[in-house]
Amino acid sequence: MLQRFVNTSNAMSPSVPLQEMIRAIRSARTQCEERGVIQRECAAIRAQFRQADNGGRSHNLAKLLYVHMLGYPAHFGQMECVRMIASPRYSEKRVGYLGAMMLLDEKQDASLLITNSIKNDLSHSNQYVQSLALCTLACMGSAEMCRDLAPEIDRLLRASNSYIKKKAALCAVHIVRKVHDLGELFAPAARSLLAEKNHGVLHGAVVLITELCERNPETLERFRKTVPDLVQIMKGLVISGYSPEHDVAGISDPFLQVRILRLLRILGRNNEAASDAMNDLLAQVATNTDSTKTVGNAVLYETVLTVLDIKSESGLRVLAVNILGRFLLNNDRNIRYIAMTSLQRIVGTDHNAVQRHRGTIVDCLKDQDASVKRRALELSLALVSATNIRSMMKELLLFLSSCPLELRAQAASGIFNAAERYAPSQRWHIDTILHVLTTAGGDVRDETVPNLIQLITNTSELHCYTVHKLYRALLSDISQQSLVQVACWCIGEYGDLLLRGECQETEPVQVTEDDVLDALETVLQSHMSAPATRGFALTATMKLSTRITDNVDRIRSIVSIYGSCIDVELQQRAVEYNALFKKYDHMRAAVLERMPVIEKNSPGHTNGESTREAVKEVQPAKVKQAETLLPQQPASQVCDLLDLLGGSEEPLQPNPAVGSTLPVLPVSTSSTAGGDLLDLLGGLEPTPLTPAPTVTVYEKGGVTLTLSSEKQSDSGLTVTLTACNSTDSDISSFTLQAAVPKSVQLHMKAPSGDSLPARGAAKVTQMVALSNPNKVNLKMRIRISYTSQGSAFQDTVQVDSFPEH
């Protein structure tokens, strides 16, 4: 009986103090033991929460909050927080508000129960009770709470107590983020706070004004009048003497300086007058701030961003770029990283100023940090120009030979693009690409092989030099698949030049027919060769049968072996080549002659993107037109098909047994489907269609969007949107979104691409089909989104009228 009484007494005894509980949890040797301690304490806390008269409520809730911080459930303490917030005692209010901020959020219904308590405490005579309510509202206030309590916050913004005003300003920031419409309520009070001397109030006011300006363009225009006031505040901070209350490493209140600089950046963007008002201040900050400490570098970095974002003077922009150049020499990798990120953003607009720091940027390629290396690579590729192509490419190729695997593909792609754009000569271009293939042939893009083949085909004077160089590369290494494929193709096409050995560009090397076939057979038999590479080697071997004379039987034997290969593609090639030897030997020389010169549809770009996009644009329209014309002229279908194969231009009579009742129509390449199909294949020229009228609907930041429309029916309209990039930097992640009135049906087809190369090298086209059965006035709102130099841009334009075809 006594033991039972003791156990009951222990179960109902008050829980241990907070320090004891923390000590017991930390001394637990296993997670199971820790859970046991926490479960016992939570059970004791629940029991005491249920007691009506509990003098240790704040003590128990503090322990529960510690349990919550460890990740264990503590939701049963939510109602206790509500009760403690309503308590008149400050010690209980403080823990209750802390518990509400940790255990409650705006999605829970219990948070609505404290709205009235917060409102009462905002009018409390004790400033510390008011601050508790302000902090809680700023932390977890829902949209409904913000609407109810916004007038109280506006009243506190005009209070005489600086301690309350700074907390009310930060609380107003939360309210504006939750309910955008309430920003106008706080604008007058925020403007008056700039006259305060207290730095805490000024900091809160600047944050609030920044939030208001970012949310509302009209508010932004109104606060541009405060630029002189902000300049005076900033000057006071820069030239003020030592103040122990605000000094941080020799800088007077750097936190406030950074906030003011960010606000000035917003106010001066795209505004000449505001930018002129702050130019002198920015120059003063840039020259007088100490850059030896991290605090000074933070202020300088914000100054640089502000200078580069507003309409500043050219001299000031050069000063900003020079500051970033000094950052590149800093020992702190984080500072070097943000410097290169900023330089990457402005390299298109201030190219010459950034070029002065090219040597320092190239040195960052040797940095041990992977992030710094990646940024240095991106910036180095952006700095390549026609004047420094040789020196920069030398550094980039040296980096490629030792760069990490995750950067090799990016480096190779960037080198290809730079070589294509700025190559001083065709031979240098070929040598550079071959060097990349030799170093990182396994990391290049798939289109590299056809692009290089096209380049080699178009430089007939270098065929002998190229085939000799590729042959030597093939003998030394067959592990780089892209290099092996190009080498096999060249040997197959220009093997006769290789066997002659008469090449003025390189040292004369005597190569026999057996040597060439041995090299190709090595590729065919190597376990490192991919199926596509074996296909190149087999085709090259077959082509050599018309370029050599003594080893045709050996070639026939090699080809016949692969007639039973397990790879279907290789087997099919071998079977077809065997048929050429046996049944069509008289045609073999004509079939296997050299490939003609490949025409380039888009000069300056050999990555295939522009050509593919152009084909995507042309083919659907041509095929659709052919589909509409063919059914109307069934008698001339045979004529059109024969004409495709090079038949006579004379009209053919229809077969009486098949279509004697059909009228005889002449074949016209300008009006029949045959003309359209021939146009697809580059044959006869059809009569050009009248182009749809085009209007420019958007032109900003180097991006131009044009619109043309074509009426398909009484209620159907096809709209073509074409985007072009005239800046010096490529644009990625380019997307178009469209919205029309509810009664209009909209169908957006797949775009031709999502990237816009620099200088208008290629365009992105988006087809939009509209159906307007109710004949309402057509309007379209278009959202344009893209990424340029690491920054995301988004804009909207409205089209109120469409050009008529």
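**Close-up views of a predicted model**

View A. Val591 is partly exposed, with a relative accessible area of 46%. As you look at this view, keep in mind that the model is predicted. Val591 sits in helix H33, which covers residues 588-591. Together with Tyr584 and Met587, Val591 makes up a nonpolar patch on the surface, and the three share about 270 Å² of accessible area.

**View B. Inside the largest nonpolar core.** Nonpolar side chains in soluble globular proteins tend to be buried together. Here the largest nonpolar core has 181 residues, and Ile153 and Phe186 touch the most other members. Helix H28 (residues 481-500) supplies the largest share of this core, 12 residues. Which residues does Ile153 touch, leaving aside those up to four places away in sequence? You can look for Leu122, Leu134, Leu137, Ala168, Cys171, Ala172, Ile175 and Phe186.

View D. Most residues other than glycine have a negative phi. Arg759, however, has a positive phi near 60°, and Lys775 has a positive phi of about 55°. Arg759 is found in the loop between strand E7 (745-748) and strand E8 (764-771), while Lys775 belongs to the loop between E8 and strand E9 (780-788). Is Lys775 buried or exposed? Its relative accessible area is 53%, so Lys775 counts as exposed, a label that needs over 50%. Arg759, at 44% relative accessibility, is partly exposed.

Methods. Residues numbered from 1 in each chain as written. Predicted model: local features only at pLDDT ≥ 70, side-chain atom pairs only at ≥ 80, totals over all residues. Heavy atoms only, no water. Patch = residues over 30% accessible without salt bridge, like charges linked within 9 Å, V, L, I, M, F, W, Y side chains within 5 Å. Areas by Shrake-Rupley, 256 points an atom, 1.4 Å probe, with all protein chains shown as cover. Salt bridge = Lys/Arg side-chain N within 4 Å of Asp/Glu carboxyl O. Helix = DSSP H or I, 4+ residues; strand = E, 2+ residues; numbered from the N terminus. Buried < 20%, exposed > 50% of the residue type's maximum accessible area, 1.4 Å probe, protein only. Core = buried A, V, L, I, M, F, W, Y, C linked by side-chain atoms within 4.5 Å. Contact = heavy atoms within 4.5 Å.
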